[in-house]
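Dear colleague,

I am handing over the structure below, together with some notes on what was found in it. Please read them with the model open beside you.

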Amino acid sequence: MAERSSEFKQVKNFLDAKKKLKDIPNLRGPQTTILLGLMTVMPEEVKSSGILENPQRLAVIGAIVNYQVGLNDRLDFEGAKRKDISDLTQEAQNREVSARAELDATLINLPEPESKHVKESINLAVEEIEFIEKWIREKRDNNTIDFSSIDTYRNLVNAIINVTTTSIIFGREKLSPEKQPNDNKKTTIEDLADKYAWVMGNNPPNNAKRAVMIMHNIAMAAQIVDDWHGRNIDELLNIPSYASGALKMAENDKLAAKAILKRKRDDYKAKARAL
């Protein structure tokens, strides 16, 4: 009964949020999606953050999402290591540069301390994502890649993007990791797994982290579906994905691979509901 009451409340929050966001001018799709998810889980916290009355911060969120797309495309084309698509790789690099310029332009409109902190967070996120992308492609190239490493790869990249974007709304202090990597030593995949372990956990210490954890598990379930439907393009670019991992595990049996992915997707959906 309590679970059904909670679900009813979230449906009401969703409908209320959808109505409220319609009244905000110049709100783009990516901004709406992020805010809709957060307002469904924790409407009062979003309201008290002041983000809905702050067009400068809303613009930054939209620019970050756009930049993330450009960054992802550039990493995918570069990571393919195909000389026959050098023109497409250059186009992707140009799109990323353009998207970053747009993002930096929106940051100028934030107050100086906030602008500096957001820029530092974004730069750190890019460094971490590039490290993870290099790590998974090295495993691909030396044939040590497996489904577990792909799961780690997808989880970490999505967690970094989720935390970086959400921290603009709630502030870095509410989303700080329990474990910080040691600045005096070379970063490892284990360091990043420790840093973002709370995103994949089960016990959120505050509502902001709970919202991030719910959104993360929903995003991971969607990532599995996206990987399967995009498997042919990913194969052309040699991108490690849930689809390639499941097909390898199932020895290219598509029905068996789909069953593996369904179980994984159901696990993420169940975890999102439990949070």
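A residue is called buried here when its relative accessible area is under 20%, exposed when that area is over 50%, and partly exposed in between, with a 1.4 Å probe and protein chains only. By that rule F14 is partly exposed, because its relative accessible area is 32%.

Please keep in mind that this is a predicted model, in which local features need pLDDT of at least 70 and side-chain atom pairs count only at pLDDT 80 or more, while totals for chains, interfaces and linings use all residues. Residues are numbered from 1 along each chain as its sequence is written, and side-chain values use heavy atoms, with hydrogens and water left out.

F14 belongs to helix α1, residues 2-22 (helices are DSSP runs of H or I with at least four residues, numbered from the N terminus).

The structure holds one aromatic pair (rings of Phe, Tyr and Trp, the last by its six-membered ring, pair if their centres lie within 6.5 Å, and their planes count as stacked under 30 degrees apart, edge-to-face over 60 and tilted for the rest). Its members are F147 and Y242, which are tilted at 50° between the planes and lie 5.7 Å apart, centre to centre. Since F147 is in helix α7 (residues 147-170) and Y242 in helix α11 (residues 242-249), the pair ties together parts that are 95 residues apart in sequence. F147 counts as buried at 12% relative accessibility, and Y242 counts as buried at 0%.

A search of the whole structure finds 16 salt bridges (a side-chain nitrogen of Lys or Arg within 4 Å of a carboxyl oxygen of Asp or Glu). One of them joins R74 to E96, with the closest N and O atoms 2.7 Å apart; R74 lies in helix α4 (residues 55-80) and E96 in helix α5 (residues 86-107), 22 residues apart. Both R74 and E96 are buried.

Another salt bridge brings together the side chains of D141 and K81, at 2.9 Å from N to O. Because D141 lies in helix α6 (residues 112-141) and K81 in the loop between α4 and α5, this pair ties together parts that are 60 residues apart in sequence. D141 counts as partly exposed at 43% relative accessibility, whereas K81 counts as exposed at 62%.

With kind regards

Note on methods:
Helices (H or I, at least four residues) and strands (E, at least two) are DSSP runs, numbered from the N terminus.
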